[in-house]
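Have a look at the model below before reading on.

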Amino acid sequence: MIYLDAAGTTPVRREVLEAMWPYLTGDFGNPSSHHELGERAHNALEAARAGVAGVLGCRPAEVTFTSGGTEADNLAVKGIALARRAADPRCTRIAVSAIEHPAVLESARSLARLHGFSVEVVPVDHAGRVTPEALAAVIGPETAVVSVMYANNEVGTIQPIAELAAVARAAKVPFHTDAVQAAGVLPLDVRALGVDALSISGHKLGAPKGVGALYVAGRVSIEPLVDGGGQERGLRSGTENVAGAVALETALRLADGERPTAAPRLAELRRAFVERVLELVPDAMPTGDPESRLPGSASFCFPRVSGESVLLELERRGIVCSSGSACAAGSSDPSHVLLALGLDPETAQTAVRFTLPVTITAEELETAALALAESYAAVTGIARR
Ligand code: PLP
């Protein structure tokens, strides 16, 4: 099998498993307990927090561990919006880009449905870019929070986050970015980015599923969504996932350390793969920004064929990839991301996304490109019959 769905998830790295193992076995204590076992767990949790803060360039107290990217996004969007409105009742608007992950989009919709906020959607251009002008056009003194993702999971486009955050700062609106796909391959320094909140998820980086983190700048007020024993400085109650936090920190630190060599290598492999695909399947239509994109992301539409049929043919040939977001897999609705890029609904149904794990080789990608050409021929042959 050649796995080309790294944006869907990644396997747990051996170093990560080894780092978390003690906290699942001998050092299994509850970090809130006062005995020695508890203290050891507490120390591990705080060391993990400090490690994550080191990569993000923030204070450890600004890092909250969550159950993943979805919870981090929910906490940022809902928690900041509710706190802002509590402080200033005029803050009743939320601004999100049109291509956000459902974790952000549905959080905004939930605020509209349950709390009377209105949601403003910031449009993107044909490459999936949010421009500072487009953002400036929708935000104002009534905007409670803005959320624009760092890099898109379906088409790979990277947003000019520092410029967008500057627009929000000028309007005095807190700016959140979903960095789930960016973590490990793009710089995450929150001060350089100028963001007020940033979400990451472990399982895209070689840590297990079910752990993530949210950075929230100390200056920003935020309401908790989960109430209880007051863990995570009251922002996220519940006994902490110590082994998960250790895993996330280990995976993030390793990936960020390898980034200077891994990211250019992936980008070069991706470039050669896209070129090869276009040579073998001239009908293939790359989507997203050709330049400002995730190093390991190659996404295409194949006009007039169903993306799902291409995927099935690819899988029969041992190539695993996806049509877009894993969350939307199996859905017959065209992707909201591709529609926002201006594709018609029929073309949007033809998407196939290849997201390269850091371990991928040029030989594997050559095999995948040949398999894609065969799969496309098989599907168009079937379609013609
Ligand atoms: N945000 C983006 C951009 C994602 O790609 C994903 C996962 O696919 C998430 C959020 C959700 O993260 P998690 O699976 O950890 O809940």
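What follows covers the ligand site and then a helix crossing.

This is a predicted model, where local features need pLDDT of at least 70, side-chain atom pairs count only at pLDDT 80 or more, and totals for chains, interfaces and linings use all residues. Residues are numbered from 1 along each chain as its sequence is written, and side-chain values use heavy atoms, with hydrogens and water left out.

Let's start with the ligand. It has 13 residues around it, and Thr-70, Asp-178, Gln-181, Ser-201 and Lys-204 come nearest (a residue is near if one of its heavy atoms lies within 4 Å). That shell divides into two nonpolar, eight polar and three charged residues. Here nonpolar covers Ala, Val, Leu, Ile, Met, Phe, Trp, Tyr, Cys and Pro, charged covers Asp, Glu, Lys and Arg, and the others, Gly among them, are polar. H3 gives the most to the shell, with three residues.

| Residue | Distance to a ligand oxygen atom |
|---|---|
| Thr-70 | 2.6 Å |
| Ser-201 | 2.6 Å |
| His-203 | 2.8 Å |

On its own the ligand has 390 Å² of accessible area, and the protein covers 88% of that (Shrake-Rupley method, 1.4 Å probe).

Now for the helices (DSSP runs of H or I, at least four residues). H3 (residues 69-87) and H4 (residues 102-115) have axes that come within 8 Å and cross at roughly 35°, with the axes fitted to C-alpha atoms over the stretch in contact and angles running from 0 to 180 degrees between N-to-C directions. Contact (heavy atoms within 4.5 Å) involves residues including Thr-70, Asp-73 and Val-77 of H3 and Ala-103, Ser-107 and Leu-111 of H4. The contact residues divide into seven nonpolar, five polar and three charged.

Note on methods. Helices (H or I, at least four residues) and strands (E, at least two) are DSSP runs, numbered from the N terminus. A polar contact is a pair of N or O atoms within 3.5 Å; within protein, one must be able to donate a hydrogen and the other to accept it, and residues adjacent in sequence count only if both atoms are side-chain atoms.
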